[in-house]
Amino acid sequence: MDIALRRISLTVLLAVVLGCAGCDQSVPADSTDTGSDTSAPVETTVPKETETKAPETTKPVTTAPETTAKAPETTAPTETTAAATTSADTKSENEVGFVNPLTGLASEKDYTGKRPAAIMINNIKASCPQVGVSHADIMYECLVEGGYTRLMMIVQDYASLPKVGSVRSSRDYYLDFAADYDAIYVHAGGSPYAYDDIQALGVNNLDGVNMWLPNQVFYRDEERVATMALEHTLVTTGEKIAYGVSFKKYKTEMDKEFDYPLDFAPYDTTVSYEKTAKNIHIPYSYAHNTDFKYDEESGTYLRYQFGGLEHVDGATDEQLKFDNLIIYFCETGDIPKDTSARIDVTTIGEGKGFYATKGTYIPITWKKESYESPTKFYDEKGELLLINRGKTFVSVCPTRITDKITFN
């Protein structure tokens, strides 16, 4: 769907909604998390590193949108057929019982039809280490303004989460990522465009800045308050998220026929490819880059950022690791006249990407037809991409860096 038409239609719908019913959350021109009083709703003072003056509430079309660049010959394999090998220590799907739909792994709990949570996580260096992030089943990373990135962790068993944070503000395109999983959206403030979409699309969200909620949902972590700027200190827990969901009376069941974005290989197979991918480098911008290094012993990718620093969970000192890495490219551009230099990421449409696992990779394609439909991934033959069971990291990248991704 054309992004301009989408924004116009959302703005019209928002006007109708607001004209017909009240709302329990105020939507300031531009709000993020900077509150300090843990006994009252969080204040809406604007933090230093992001949002300042309010732009127009209807997002215009991006100037000079990028076109999907062709992958360079040095990274595009010739004919890479998946080599599926039988593993002796895996069970058949009929023997497994309950399965976590986000990882495809066996679970002690039945998550059938249960909605997950999607939690916005701050990812500038001053906010690190984050806490609780090693519990993500799926992690997304995408650019925000200033060349920095923000993370969004998706968790199936969110009610069991320990302390998680710091929780940070929303951008509208992250709502599309969360919608792919029908996830309850947890954030602290957001851009005007994000609030437009939250309101018009009826997103079930928990907001640490502009939604009146009892303080059982978000709080300031004392250790972070003592060592960091205030905007990096807002945290929550699984128990508090579950309380907020119950308080807001959000539905916890999804449609029976819900189609998840990720499709897993059968239990008796392990997917790998001909082309090697031992050290994957993603140069998001002049200000941020990430690296994934394949660990032969664990069979997973270890994550690094900020020039090669280990990305760790501050609560456990555990380095983040993932079984799968999906990189896909979206047209990305500046929003004209936006005084905070925010960007637009086109998430609806189709494009190219890469899938890496077990130290190997192939080119892929992606397609998302509408906000309501999931993003789906396809292999070189145009068939649904089957990925290994386990945790997945999804890197959403601007098309301008398509030929800058390196794998070894």
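**Labels and their cut-offs**

Me: Why does Lys376 count as buried?
Reply: Lys376 has 8% relative accessibility, so Lys376 counts as buried. Buried means under 20% relative accessible area, exposed over 50%, and partly exposed in between (1.4 Å probe, protein chains only).

Me: What kind of model is this, and how are residues numbered?
Reply: This is a predicted model, in which local features need pLDDT of at least 70 and side-chain atom pairs count only at pLDDT 80 or more, while totals for chains, interfaces and linings use all residues. Residues are numbered from 1 along each chain as its sequence is written, and side-chain values use heavy atoms, with hydrogens and water left out.

Me: What makes the contact of Lys376 and Asp263 a salt bridge?
Reply: The N to O distance between their side chains is 2.8 Å. A salt bridge requires a side-chain nitrogen of Lys or Arg within 4 Å of a carboxyl oxygen of Asp or Glu, so the pair qualifies.

Me: Which parts of the chain does the pair of Lys376 and Asp263 link?
Reply: The pair links distant parts, 113 residues apart: Lys376 is in strand S27 (residues 376–378) and Asp263 in strand S12 (residues 263–264). Helices (H or I, at least four residues) and strands (E, at least two) are DSSP runs, numbered from the N terminus.

Me: Is Asp263 buried or exposed?
Reply: Asp263 has 18% relative accessibility and therefore counts as buried.

Me: How do you know that Glu141 and Arg303 tie together separate parts of the sequence?
Reply: Their side chains meet in a salt bridge (3.2 Å, N to O). Glu141 lies in strand S4 (residues 138–143) and Arg303 in strand S17 (residues 300–305), so the pair ties together parts that are 162 residues apart in sequence. Both Glu141 and Arg303 are buried.

Me: Which accessibility classes apply to Lys278 and Glu296?
Reply: Lys278, with a relative accessible area of 30%, is partly exposed, whereas Glu296, at 54% relative accessibility, counts as exposed. Lys278 and Glu296 form a salt bridge, their closest N and O atoms being 2.8 Å apart.

Me: How many salt bridges are found in the whole structure?
Reply: The search finds 13 salt bridges.

Me: What is the volume of the largest pocket, and which residues are closest to its centre?
Reply: The largest pocket holds about 380 Å³ of space. Of its 16 lining residues, Arg115, Ala179, Asp182, Ala183 and Tyr371 are the closest to its centre. Helix H3 (residues 172–179) gives the largest share of the lining, three residues.

Me: What makes this a pocket and not a cavity?
Reply: On a 1 Å grid over the protein atoms alone, a cavity is a set of points where a 1.4 Å probe fits but cannot get out, whereas a pocket is an open set with protein on both sides within 12 Å along at least five of seven lines; lining residues have an atom within 4 Å of a point.

Me: Why do S6 and S11 count as paired?
Reply: Strand S6 and strand S11 (residues 234–236) pair in the antiparallel sense over two bridges. Val164 has Thr236 in S11 as its bridge partner.

Me: How many helices and strands are there, and what percentage of residues is buried?
Reply: The protein chain has six helices and 29 strands, and 56% of its 408 residues count as buried.

Definitions and conventions
Points joined across faces, edges and corners; volume = space filled by probe spheres on them. Pairing = 2+ DSSP bridges.
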